[in-house]
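Trainee: Could you take me through this structure? I would like to begin with the contacts and then move on to other topics.

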Amino acid sequence: MESSSYWTAFLVFAGANLALLLFASSITAFIAPAAGGSGIPEVKAYLNGVDAPNIFSLRTLAVKVIGNIAAVSSSLHVGKAGPMVHTGACIAAIFGQGGSRKYGLTWRWLRYFKNDRDRRDLVTIGAGAGVTAAFRAPVGGVLFALESLSSWWRSALIWRSFFTTAVAAVVLRLFIDLCGTGRCGLFGQGGLIMYDVRSTAFVDGDLIMTYHLKDIPTVVLIGVIGALLGALYNFLMANVLRLYTAVNERGAGHKLLLAAAVSLLTSCCLFGLPWFAPCRPCPTAGMKNAGLASTTSSNGTCHSLNRFRRFHCPAGNYNDLASLFLNINDDAIRNLYSTGTNDVYHPGSMLAFFLASYFLGVLSYGVVAPSGLFVPIILTGATYGRLVAMLLGDHSGLDHGLVAILGSASFLGGTLRMTVSVCVIILELTNNLLLLPLVMLVLLISKTLADSFNSSIYDLILKLKGLPHLDGHAEPYMRQLTVGDVVAGPLRSFGGVEKVAHVVHVLRTTGHHAFPVVDEPPFAQSPVLYGLVLRAHLLVLLKKKEFFMATPVRCAKESIAGRFEAQDFDKRGSGKQDAVEDVEISAEEMEMYVDLHPFTNTSPYTVVETMSLAKALVLFREVGLRHLLVVPKACDRSPVVGILTRHDFMPEHILGLHPVLLGGRWKRLRWQKGAVTKYFRSLIVWIASSG
């Protein structure tokens with residue numbers, strides 16, 4: 001650029017971006033497809049009870065770290081926060097599954113964590129540590145895990161998460177101090193506070209980070225705009241992800257072609273749009289506070305902590321659009337958050353950057369590479385916040401940097417639909433408690449209004465990925481149904497002493513993970529429910545071949561001791577499940593019997609078939625169940641009516657069984673297209689009549 005070789009500069013820029021993104025997409029597509037995206041929806045689904053394959057494997061962890069570095073470095077409009085959350089969850093889950101035997105990374109003491117509850121707690125804590133590492137916000141990390149991720153929260157998790165995030169913050173501070181001399185590149189610049197606006201709150205001794213009661217309408221306007229833009233962002237993102245999914249399903253080649261197309265489009269926008277921006281003299285605002293004697297360096301580049309770019313401008317000038325496009329996201333956000341810089345950016349540049357950032361954020365996320373949403377949303381929100389402040393002009397007394405922070409908060413509330421955790425994260429990012437009332441107001445307005453249009457972006461992604469996430473509330477129509485109305489058959493069960501051939505046949509012809517065990521004569525006077533046996537435990541029995549008998553008799557308890565160890569039935573790692581096809585059983589063994597009594601859970605959760613479906617959902621979710629047995633109300637029937645699983649509580653399944661509910665009045669409040677048109681027409685008529 002300095003030698004005016006502009007085409008060469010563009011080819012180098014676009015080529016480097018393309019190579020980095022293709023590298024990230026390749027290792028994701030061919031090595032660990034589960035590492036694609038941010039990972040937050042997968043973590044949220046796991047903490048809700050959905051164990052998707054390979055989401056926490058060691059291979060996924062390695063690809064997540066390396067791929068996210070390459071994707072963010074490729075100038076793609078993505079962030080690192082989501083992958084950092086997934087990275088922390090992966091590290092915690094690997095500890096929770098006892099390490100990795102495949103790679104020799106295991107210790108004996110880790111076996112104590114190989115159960116569902118402890119592993120779930122570790123993943124929650126690890127996700128909070130990931131937020132801390134991404135934003136240097138330890139308290140925000142705890143609240144993020146509580147508000148956005150966890151479905152079951154225990155009091156012990158609070159201090160454990162707080163301890164973990166505190167350790168993460170201390171270690172982060174240690175590395176920042178070690179890298180203070182610049183040996184680690186850009187890492188550590190800005191200290192533990194990433195976007196410190198408190199130090200720039202004074203210009204010539206006057207406090208500019210102030211607000212008054214007359215500024216409240218501006219704050220409300222920012223919240224409303226954030227809600228509308230956030231709802232539209234989620235709508236566009238969902239439709240683009242559907243299109244990308246159709247392309248990606250055609251094979252790895254189409255995934256790479258899609259990544260290449262998005263990379264070239266991004267490079268053209270980032271390099272081409274700054275040519276339309278005017279050159280501006282180097283800013284003088286804040287130079288005294290920054291300790292700089294002059295506004296330009298010896299080569300004509302603007303000072304101000306190297307946040308401004310000359311691009312094609314002469315010495316002593318800068319290109320405001322290039323300073324946003326060709327900076328790393330953190331520096332671009334610092335630029336927008338800086339106070340006392342109301343005249344640094346041109347309104348046309350702000351509008352161009354907002355539109356590009358908004359739509360590039362929608363187009364970039366679906367690429368098969370580790371990528372996050374948090375930082376691009378913060379950047380886009382800060383941009384439209386400054387743009388609104390410019391358009392209001394003298395009608396608002398708020399500093400443009402303050403309005404940019406409020407814009408980020410409103411856009412986060414409109415897309416992610418989080419309040420408390422986002423509020424604390426923003427305060428920890430900016431280090432200014434003066435913003436607390438305004439940030440709270442903006443978040444409440446944006447979330448409340450945006451919820452009337454659609455769900456949060458993470459909930460939409462969960463639905464697109466087919467992960468059956470259970471909400472914390474029951475739909476209204478569930479109160480009109482009983483559990484017997486949604487139980488679907490046929491029910492497959494086992495006797496207390498069962499023939500091996502029947503066990504193998506049922507395992508091969510079904511995908512169920514648990515089966516009721518019913519004792520019948522001669523082991524009981526009448527059919528009676530004995531308990532629930534898991535598929536994984538049945539596979540262990542078939543592999544061990546310890547209790548195969550020629551006649552159907554119960555085994556004595558003394559004969560069981562010493563033949564099995566607790567670790568034989570430990571929960572396997574993510575994506576590592578035994579298959580019945582791997583079990584080798586001879587024809588003679590097929591005719592033998594196996595006693596299931598010692599391996600059956602004799603106290604499973606049960607509900608009567610007449611119980612309200614809404615109450616059953618609350619029980620299922622709050623206790624964290626995978627299976628809920630339905631028993632009959634009458635004693636003269638089979639002891640088990642069916643089994644409720646997560647699938648039976650999903651709205652798609654319920655409405656499929658009872659389509660009459662689709663036309664009923666039991667619907668959650670949403671702004672439908674007809675309703676929006678009706679209220680908009682009423683508003684126009686009211687304005688016309690008032691005039």
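Mentor: Let us begin with a term: a contact means heavy atoms within 4.5 Å. This is a predicted model, in which local features need pLDDT of at least 70, side-chain atom pairs count only at pLDDT 80 or more, and totals for chains, interfaces and linings use all residues. Residues are numbered from 1 along each chain as its sequence is written, and side-chain values use heavy atoms, with hydrogens and water left out.

Trainee: Of the contacts between residues at least 6 apart in sequence, what share joins residues at least 24 apart?

Mentor: The share is 75%.

Trainee: How many helices and strands does the protein have?

Mentor: There are 24 helices and 13 strands. Helices (H or I, at least four residues) and strands (E, at least two) are DSSP runs, numbered from the N terminus.

Trainee: In what order do the strands of the open three-stranded sheet come?

Mentor: The order is β5-β7-β8, with mixed pairing; two strands pair if DSSP finds at least two bridges between them.

Trainee: Why is one side of β5 and of β8 left without a neighbour in the sheet?

Mentor: β5 (494-495) and β8 (528-534) stand at the edges and each has a single partner strand, so one side of each has no neighbour there. Strand β7 (residues 514-519) pairs with β8 in the antiparallel sense over six bridges. In that pairing, A514 stands opposite L534 in β8.

Trainee: Which helix packs on this sheet?

Mentor: Helix α20 (residues 535-544) does, touching β5, β7 and β8, and its direction makes about 80° with that of β8. Such angles run from 0 to 180 degrees between N-to-C directions, and the axes are lines fitted to C-alpha atoms, for helices over the stretch in contact.

Trainee: Which residues of α20 are buried?

Mentor: They are R535, L538, L539, V540, L541 and L542. Buried means under 20% relative accessible area (1.4 Å probe, protein chains only). Of the 691 residues of the protein, 50% count as buried.

Trainee: What follows α20?

Mentor: K545 follows α20, and its phi is positive, near 55°.

Trainee: A change of topic: how many cavities of 30 Å³ or more does the search find?

Mentor: The search of the whole structure finds one. On a 1 Å grid over the protein atoms alone, a cavity is a set of points where a 1.4 Å probe fits but cannot get out, and lining residues have an atom within 4 Å of a point.

Trainee: Which element gives the most to the lining of the largest cavity?

Mentor: That is α5, with three residues.

Definitions and conventions:
1 Å grid on protein atoms, 1.4 Å probe; cavity = no way out; pocket = protein on both sides within 12 Å on 5 of 7 lines; lining within 4 Å. Points joined across faces, edges and corners; volume = space filled by probe spheres on them.
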